[in-house]
Amino acid sequence: MAAKLFYTKGFLLLLFNFISTAALEKRFSDFKRCADEECSMLLCRGKAVRDFSGPDCRFLSFKKSETIYVYYKLSGRRADLWAGSVGSNFGYFPKDLLAVNHLYTDKELEVKAEV
């Protein structure tokens, strides 16, 4: 019985380690650029230059001409993605799909991205 419990705990530990590693690999970048330390203030807003349908639920989908509000920009290995909202939907999108028409701040802080 003790051996079975030992192997079960070992399996669970390996499973947890695998899941943790997978979560880290799903992070797009280690850093992001924000207007404040919590990334809760807006950096800018703009209009979508074309329709975009994200490949998964982490991405923001939108139609051409919709207004997108940007809260942070990824920096480091994925500087091509920004994060923002359209209505109550929030997610990542390619920065090239946004024509910025208003800056809320020109101050950007680089903060460590959380998992």
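Cys44 is buried, its relative accessible area being 2%; here buried denotes a relative accessible area under 20%, exposed one over 50%, and partly exposed a value in between, with a 1.4 Å probe and protein chains only. The structure is a predicted model, in which local features need pLDDT of at least 70 and side-chain atom pairs count only at pLDDT 80 or more, whereas totals for chains, interfaces and linings use all residues. Residues are numbered from 1 along each chain as its sequence is written, and side-chain values use heavy atoms, with hydrogens and water left out.

The protein chain contains 1 helix and 7 strands, arranged along the sequence as α-β-β-β-β-β-β-β. Of the 115 residues in the protein chain, 31% are buried. The accessible surface of the chain amounts to about 7,800 Å², and carbon and sulfur atoms contribute 59% of this area; accessible areas were computed by the Shrake-Rupley method with a 1.4 Å probe, and for residues only the protein chains shown count as cover. Among contacts (heavy atoms within 4.5 Å) with a separation of 6 or more, 62% involve residues 24 or more positions apart.

The structure holds 1 disulfide, a disulfide being a pair of cysteine sulfur atoms within 2.5 Å. This bond connects Cys34 with Cys39, at an S to S distance of 1.8 Å. The torsion about the S-S bond of Cys34 and Cys39 is about 65°, and the disulfide is therefore right-handed. Both partners are buried: Cys34 has a relative accessibility of 0%, and Cys39 one of 9%. Cys57, by contrast, is exposed, with a relative accessible area of 76%.

Strand E1 spans residues 31-34 and includes Lys32. With a relative accessible area of 15%, Lys32 is buried. Apart from neighbours within four places in sequence, Lys32 contacts Cys39, the residues Tyr72, Lys73, Leu74 and Ser75, and the residues Leu109, Glu110, Val111, Lys112 and Ala113.

The structure also holds 6 salt bridges, each defined by a side-chain nitrogen of Lys or Arg within 4 Å of a carboxyl oxygen of Asp or Glu. One of them pairs the side chains of Arg33 and Glu108, at 3.1 Å from N to O. Arg33 is located in strand E1 and Glu108 in the loop between strand E6 (98-103) and strand E7 (109-112), so that distant parts of the chain, 75 residues apart, are linked. Arg33 is partly exposed at 28% relative accessible area, as is Glu108 at 27%.

A salt bridge also joins Arg33 to Glu110, with the closest N and O atoms 3.8 Å apart. Because Arg33 lies in strand E1 and Glu110 in strand E7, this pair ties together parts 77 residues apart in sequence. Glu110 is partly exposed, with a relative accessible area of 46%.

The side chain of Lys73 meets that of Glu108 in a further salt bridge, at 2.8 Å from N to O. This pair again links distant parts of the chain, with Lys73 in strand E3 (residues 67-75) and Glu108 in the loop between E6 and E7, 35 residues apart. Lys73 is buried, at a relative accessible area of 16%.

Key
Helix = DSSP H or I, 4+ residues; strand = E, 2+ residues; numbered from the N terminus.
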